[in-house]
Every structure is written in C-alpha cells, then in structure tokens.
Amino acid sequence: MGQSSSSTPSYTKGGDLASSFEKFFKDFKLESKILSQETITLIETHLKEGNLQRVISAISDSLREIDNAPLNIAVTGEPGAGKSSLINALRGVGHEEEEAAPTGAVETTLERISYKHPKVPNVIFWDLPGMMSITFQPQKYLKKMKFSEYDFFIIISATRFKESDVHLATAIKKMKKKFYFVRSKVDSDLHNARRTKPSTFNKDEILQRIRNDCVTQLQRANMSDTQIFLVSSLDLSEYDFQSLETTLLRELPAHKRHIFMQYLPNVTEAAIDRKRDSLRQKVWLEALKAGASATIPFMGLISDKDVEKLEQTLTLYRSYFGLDDASLEIIAKDLHVSVEKLKANLRSPHLLSIEKDDESLREKLLRYVEKFCSVSGGPFATGVYFRKIFYLQNYFLETVVSDAKVLLRKEEIFKDPVDSGQAYLLQNAGNENGKSEAASS
C-alpha cells in the first residue's frame, strides 16, 4: 500500500504530506496537543518514507489510546474545605441534583468516594477524607486511599494550609505524583471583606494577601516552589481556575489531554477553544487515516452511512459543548425563555433539518462543504484525498463552538434569530490549519 500507481492518489509526495502534518500540529499550544512529540515525529517519519501502512497503524494506536484513556483525579482536604463543591462544579452538576457529591462541613465517610463525570465516564473524581479525619500517617493514608490509581491530587483548603496538608504533599512528591494546592472559597473572603470594610475594600489587594499568606505557609514548610491557585467553585471563570486548567493540561500525558478537555465546563471562550482544538486534531487524524487507507480517490455523493455518522458526530459535539437537548432545557429554564426561542438563536440544532422543500439533506450537506472550503481554503493537507464527511465534521464543530460562545453571552439569547450564513466561520478563518490545493472528493 506504500507504493503509488496510476489508479491511486499521488502518495509519492510524502514530504508534502509530512510537512502539512507537521504544520498542523505545530500550530497548537502544548496544553492543547493530544499527541506527544514522539508520536508526531513517528508519524511524520512514516509519511516521509511513504510507508502508509505504518502511518495507519500509528494513527490507529494513538486514537485508540486517546479514546480509551482513563483519568482519575483525587481531591483531598479537611471537612468544610469545599471538596464536594469543587467536584460538583468540575462535573457540571448542581448541588441538589441526584448524582451530586454531598456538601457540608461534616465528613460523611472515612472511605474514598468516586464520582463519574455524567457525560464522560472515563473521568472519575475521588473524594478523599482529610488526613485530620483519620488517624493514619501520610504514607499509610496514601496506601489506604490507593494513591497509585490517581493521575494527580488536588489538595484544597478554605483557610490556611495546615501541617497535615504539607505532610501529605511531601509524601505525594516522594512517590513522584503531581499535586496542586487550591485555596477555595475566595469569593466568600471577598464578600466578607466588602461587608466589613466597604470604604477600604480592594479586590486585588485582598486576593494578593490571601496568596501571599498561602505562599508564606508553604515556604516555612520548605515548599516554596509550589504554585497556589485561588478558586471559587461558584464561578470557575474567575480567579485562578483557568491557570489551574492550563497547568494541569501541560503536565498531563498528551493522550489524556483530550478526555480532560472534553469534561471541562465551558466557562470561558478559552476553554471552548481548547475543546475545539482537541476535537479538530481528532478529525484530522481520522481523515488522514481514512485517506491513507484508500486505494482510489474517494468520489461520489454522501452515502447513507455518512449521514448516520454525521448525526452521531453532531450529537457528540453538542453534548461536549453543553448544547444537547437536555442541557438546553436547563439553560432555557435558567434564562426564563422557551426552548424554542433558545434554539432559534442557535445554529447547531438545525444543521441536519430540512428547511427548503426543493433541497434534500444531501444537497444541504454538499452546500456546507462548499461553504467550509471557501472559508478554510480547501482540503486538509497536500498529497492525500479526504472524504467530504471530514469537511462536514469540521463545519459542524465550528458551528457548535459558535453556539457555545453565544451561550456565554446570554444577553444575545434575547435577540432576533441569527442569520444562517457563514459569518461565524469567517471570524475563525484565520485559525484554520491544513490549507492546500489537493483534490477533495
């Protein structure tokens, strides 16, 4: 399969394809890359050699690893520190929902408790009892809590980090595991300061004072190189949560970043863009794998199988970005608008619906392909053919991303329904990767 012939695409341009591959992944920041540099280099090498069988094998292995990667996150701290609130916020679960972690200042158990993400079951949060709640020493505590199963630890405190927190962090460090200090409930600190000293209230000064106090405590315990993250579980878009998110992504193994990004709440445009970038890489890899597997260029109309795949893809994207029907019902209720009005201001719920009597679904999909290519500049990469379905997946992804950003600006919900044109794609055109002049099917 590594040889070209008169009936196959021109795979002799392995250098061109390798160059396109390198450029595509080079444009992503480290915390957004879902392939390790070692894997990227391996695939590039196979592309340059024209060894398509090894390209397919390497991509298949990578996608399998990415899709099946488990992520176990341990959250520990003293009773009342805000462990359950943070776990619920990260899972996108309200405190009163049935699957919520119970909140309160009393430790409800001396055993670890697992909480799966409702949409991404591979992501599991573990609520660990604080060391002050039990009589174990740090090493015995970690052994009982099965420390080896976690990808990283979040040590959380709502006041000052205690000696037990430092001892635990030291034990985790000796076992070569990652840990992060999170100072919670900073919104409560600010609220109390504003009420008690309204005339001298200064938000930035208070936050810096809290940070300095935490740093001083850790310096006294010989942990001066440890970063502190100030967060509020009631508003993850504020304070240091985005910095914590970036740090976690950078330090996670590349193949686990995708699953981590998909579960993160869509609280900022940066978080939405990261999620989009992760999915774009997956689409590109799947497209490259399919193109390299082809013995003849993919031609013809969109098949029934393609339509079924697109329906599944759109459902998945809408779920990842909180735009599935169940989520929209909750959002509409919170905004005191009907679901119909909410959907009227979004594009993604209507992508696969027929709006014109004289246009079939396949004709509509082909129109989407033309729109996407007119904005993005054409095919994904030089030297290989890609099926139309992959252009449509990218079009669907950009549409869902645009809708997710609309929901961040909730006041836009009350405007007249948006035009269904491609203006939203134009604003993202400068970020599109893989522009080339290769033939598309």
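## Basis of the model

Two strands are counted as paired if DSSP finds at least two bridges between them. By this criterion β5 and β6 are paired, since three bridges join these parallel strands. Helices (H or I, at least four residues) and strands (E, at least two) are DSSP runs, numbered from the N terminus.

This is a predicted model, in which local features need pLDDT of at least 70 and side-chain atom pairs count only at pLDDT 80 or more, while totals for chains, interfaces and linings use all residues. Residues are numbered from 1 along each chain as its sequence is written, and side-chain values use heavy atoms, with hydrogens and water left out.

## The six-stranded sheet

The sheet is open and contains six strands, in the order β2-β3-β1-β4-β5-β6, with mixed pairing. Its edges are formed by β2 (113-116) and β6 (228-230), each of which pairs on one side only. From one strand to the next, the twist averages 25°; here and below, axes are lines fitted to C-alpha atoms, for helices over the stretch in contact, and angles run from 0 to 180 degrees between N-to-C directions.

Strand β4 (residues 152-157) is largely enclosed by the rest of the structure, because six of its six residues are buried, that is, under 20% relative accessible area, against over 50% for exposed and in between for partly exposed (1.4 Å probe, protein chains only). The side chains of F152, I154 and I156 point one way from β4, whereas those of F153, I155 and S157 point the other way, and all of these residues are buried. Strand β5 is also largely enclosed by the rest of the structure, since five of its six residues are buried.

Helix α8 lies across β5 and β6, running at about 150° to β6. Helix α10 also packs on the sheet, where it touches β1, β3 (123-128) and β4 (contact means heavy atoms within 4.5 Å); the direction of α10 makes about 60° with that of β1.

## Helix-helix packing

Helix α7 (residues 186-196) packs on helix α8 (residues 203-220) at an angle of about 130°, with the axes 10 Å apart. These two helices are therefore oblique to each other. From α7, the residues V186, D189, L190 and A193 meet K203, I206, L207 and I210 of α8.

Helix α12 (residues 304-320) and helix α16 (residues 388-408) pack at about 25°, with their axes 10 Å apart, and are therefore roughly parallel to each other. Angles under 35 degrees count as roughly parallel, over 145 as roughly antiparallel, 65 to 115 as roughly perpendicular and the rest as oblique. The contact draws on D306, K309, L310, T313, L314, Y317 and R318 of α12, together with I389, L392, Q393, F396, L397 and V400 of α16.

## Two glutamines

Q139 belongs to helix α5 (residues 138-144) and is partly exposed, its relative accessible area being 42%. Leaving aside residues up to four places away in sequence, Q139 touches A171 and M175. The C-alpha atoms of Q139 and I172 are 8.5 Å apart in space, although the two residues are 33 apart in sequence.

Q262 lies in helix α10 (residues 254-263) and counts as buried, at 3% relative accessibility. With residues up to four places away in sequence again not counted, Q262 touches V120, K275, S278, L279 and Y320.
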